[in-house]
Amino acid sequence: MDQKNPYESPLTFRLHRAEYLVGFAISIVLILVHFDEIRWIPFIVLFAVIDLVGYIPGAIAFRRSPDGRISKVYYVLYNTMHSLIILTALVGLWLWLIGPEWALLAIPFHVFGDRGVFGNFLKPFGRPFEPVPNAAYDRIVAVLRARSAGTSRVPAPEEPAPVGSVGAAR
């Protein structure tokens, strides 16, 4: 929600996703406008490799794990293959070695779709590979809602809560 509290409320999460939906919509429009100019085999390969390397191995490992714990390697693979930094470097390399082409739209189409449509962002090591509800997050959201309920003003800043507690200031 800010630099000192890097989590999102339900509303800021929806707004964050909406920003990616705009990019997703633009990529769809460009795909439709340049449909006949796209080399479809490279498009499909570029689209698929992101999940073939970055998601599917971790998803399989997660589902096979009896307790849901898997190697951090799967998180690194996912985050690497879904990183706009890494994918921009890949596009730059493609442009340098092969040249510009509309098949590269597969990359923003995939990543912006993941983030905007499905709400899939980079995976932190401290959370299960696949999304599951988190009671601590639910408590934080309840506290934030209670603090802002019934007022048109933003709540005053709080003093930090003691380590290990969730809730209002002392």
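Predicted model: local features only at pLDDT ≥ 70, side-chain atom pairs only at ≥ 80, totals over all residues.
Student: Let's start with I50. Where is I50, and why is I50 called buried?

Tutor: I50 sits in helix α2, residues 40-54. Its relative accessible area is 1%, and buried means under 20%, so I50 is buried.

Student: Which residues does I50 touch, leaving out those up to four places away in sequence?

Tutor: I50 touches Y55, M81, H82, L87, I107, H110 and V111. Here contact means heavy atoms within 4.5 Å.

Student: V111 is in that list. What makes V111 buried, and in which helix does V111 lie?

Tutor: V111 lies in helix α6. With 1% relative accessibility set against the limit of under 20%, V111 counts as buried. Beyond four places in sequence, V111 touches I50, H82, L84 and L87.

Student: How do α2 and α6 cross?

Tutor: Their axes come within 8 Å and cross at roughly 40 degrees, and the crossing is right-handed. The contact is made by F43, L46, F47, I50 and D51 of α2, together with A106, I107, F109, H110, V111 and D114 of α6. Sorted by class, the contact has 8 nonpolar, 1 polar and 2 charged residues.

Student: What about α1 and α6: how do those two cross?

Tutor: Helix α1 covers residues 10-33 and helix α6 covers residues 106-116. Their axes also come within 8 Å, and they cross at roughly 145 degrees. This crossing is left-handed.

Student: Which residues of α1 and α6 meet there?

Tutor: From α1 they are R17, Y20, L21, G23, F24, S27, I28 and I31. From α6 they are P108, F109, F112, G113, R115 and G116. By class, the residues of this contact divide into 8 nonpolar, 4 polar and 2 charged.

Student: Now helix α3. Which of its residues are buried, and how do you know that they are on the same side?

Tutor: The buried residues of α3, which spans residues 56-64, are G58, A59, A61 and F62. They cover an arc of only 165 degrees around the axis, so they lie on the same side of α3. What covers these buried residues includes α4, residues 72-81.

Student: Which residues are exposed on the other side of α3?

Tutor: R63 and R64 are exposed there. For R63 the relative accessibility is 58%, and exposed means over 50%, so R63 counts as exposed.

Student: R63 also takes part in a salt bridge. What makes its pairing with E130 a salt bridge?

Tutor: The side chains of R63 and E130 meet at 3.1 Å, N to O. A salt bridge needs a side-chain nitrogen of Lys or Arg within 4 Å of a carboxyl oxygen of Asp or Glu, so this pair qualifies.

Student: Where in the chain are the two partners?

Tutor: R63 is in helix α3, while E130 is in the loop between α6 and α7, residues 135-148. They are 67 residues apart, and the pair links distant parts of the chain.

Student: Is E130 buried or exposed?

Tutor: Its relative accessibility is 12%, and the limit for buried is under 20%, so E130 counts as buried.

Student: How many salt bridges are found in the whole structure?

Tutor: The search finds 2 salt bridges. One of them joins the side chains of R39 and E101, at 2.8 Å, N to O. That value is within 4 Å, so the pair is called a salt bridge.

Methods. Residues numbered from 1 in each chain as written. Heavy atoms only, no water. Axes fitted to C-alpha atoms, helices over the stretch in contact; angles between N-to-C directions. Helix = DSSP H or I, 4+ residues; strand = E, 2+ residues; numbered from the N terminus. Left-handed = near helix turned anticlockwise from the far one by under 90°. Nonpolar A, V, L, I, M, F, W, Y, C, P; charged D, E, K, R; others polar. Buried < 20%, exposed > 50% of the residue type's maximum accessible area, 1.4 Å probe, protein only. Arc of directions from axis to C-beta.
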